[in-house]
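Here are my notes on the model you sent. They start at the ligand, then turn to the sheet and to a few backbone points.

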Amino acid sequence: MNKGKKLYEGKAKIIYETKEKGLAIQHFKDDATAFNNKKKATVEGKGVLNNRISEHILNNLNQVGIKNHLVKRLNMREQLIKLVEIIPIEVIVRNIATGSLTKRLGVTDGTVLEKPLIEFCYKKDELDDPLIAKEHIFAFNWATKEEIKIIEEMTFRINDFMSGMFRGIGIKLVDFKLEFGRIWNNDQKEVILADEISPDTCRLWDIKSEKKLDKDRFRKDLGNIIQAYQEVARRLGIVPETTNVSEVNFKKPTSINIKKR
Ligand code: 5GP
């Protein structure tokens, strides 16, 4: 599948057009950013791992009836996806209080929530993706009431499925971020899951040691970022597909290369 022109470049991904109507190519970069771009680095091999991990999770979600934008993985760094009209909202799901929730409300870090908490943020880098109420979504027509109802239902099902999947491999799904988009289906708009689900977008803690296996290793300068992502891939049963060990040897990484930019 040939790549056309660049449609969008984000912090960790690039979207290219294709000749096929309604399809695009999603390319996973090695760039890591945090605190809305204030901290930046290149983490060699991260894009390859996120491509494989996100493919695995989205394929599994598809099998349990959660429609999403993934068509198929094309190669080490690219996926063929359905081109969606992104809804400008980040949907955050929390099972355990940490991160911005504890900072904002003074809740003790690690508090297990009685039931999953959904939060909405307005997807706007210039404003640092501010937390919003559902009423803001309707006031500014970012999504309809029906769309938000569907998004909430899908989000709870995704959380149930993913919590179980990660529990089975000794990992706690602490929190994560989802994005949704609209596609046209027989003259009707349909909401589907978009973007990626990976250690970049989830907080994943080892059940026994509570070791962080996600992007907090980068945010908090904990080191061994690639090893943590490889550990998640290994436990999910994702096996390396090439002999290019510097990028995909999940068991024994030969190098971690973090270039500060
Ligand atoms: P927090 O609001 O505590 O910073 O993040 C909650 C969860 O959503 C974390 O798993 C975090 O990784 C994810 N998340 C929130 N906003 C973003 C974002 O802009 N980019 C990425 N990659 N993840 C995000």
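Predicted model: local features only at pLDDT ≥ 70, side-chain atom pairs only at ≥ 80, totals over all residues.

1. The ligand shell. 15 residues surround the ligand, and the closest are Arg94, Ser100, Asp175, Arg203 and Arg219. Residues are numbered from 1 along each chain as its sequence is written, and side-chain values use heavy atoms, with hydrogens and water left out.

2. Polar contacts (pairs of N or O atoms within 3.5 Å). The side chain of Ser100 has an N or O atom 2.6 Å from a ligand oxygen. For the Arg94 side chain the distance to a ligand oxygen is 2.8 Å. For the Arg203 side chain it is 2.9 Å. Taken alone, the ligand exposes 500 Å², and the protein buries 82% of that. These areas come from the Shrake-Rupley method with a 1.4 Å probe. Two or more shell residues come from each of β9 (89-96), α2 (99-105), β12 (171-185) and β14. Helices (H or I, at least four residues) and strands (E, at least two) are DSSP runs, numbered from the N terminus.

3. The five-stranded sheet. This sheet is open, with antiparallel pairing and the order β1-β2-β3-β7-β6. Strands pair if DSSP finds at least two bridges between them. Which strands stand at the edges? They are β1 (6-9) and β6 (70-73); each has a single partner strand, so one side of each lacks a neighbour in the sheet. Antiparallel strands β3 (residues 23-28) and β7 (residues 78-82) are joined by five bridges. Ala24 stands opposite Ile81 in β7.

4. Asp195. This residue lies in the loop between β13 (188-194) and β14 (202-206). Most residues other than glycine have a negative phi. Is Asp195 buried or exposed? Asp195 is buried, at 11% relative accessible area. Buried means under 20%, exposed over 50%, and partly exposed in between (1.4 Å probe, protein chains only).

5. Asn224 and α6. Asn224 also has a positive phi, about 50°, and is not a glycine. Its loop runs between α5 (216-219) and α6 (225-235). Asn224 is partly exposed, with a relative accessible area of 40%. In α6, the buried residues include Ile225, Ile226 and Tyr229. Just after α6, Gly237 takes a positive phi of about 85°.

Notes. Near = heavy atom within 4 Å. Polar contact = N/O pair within 3.5 Å; in protein donor to acceptor, adjacent residues only side chain to side chain.
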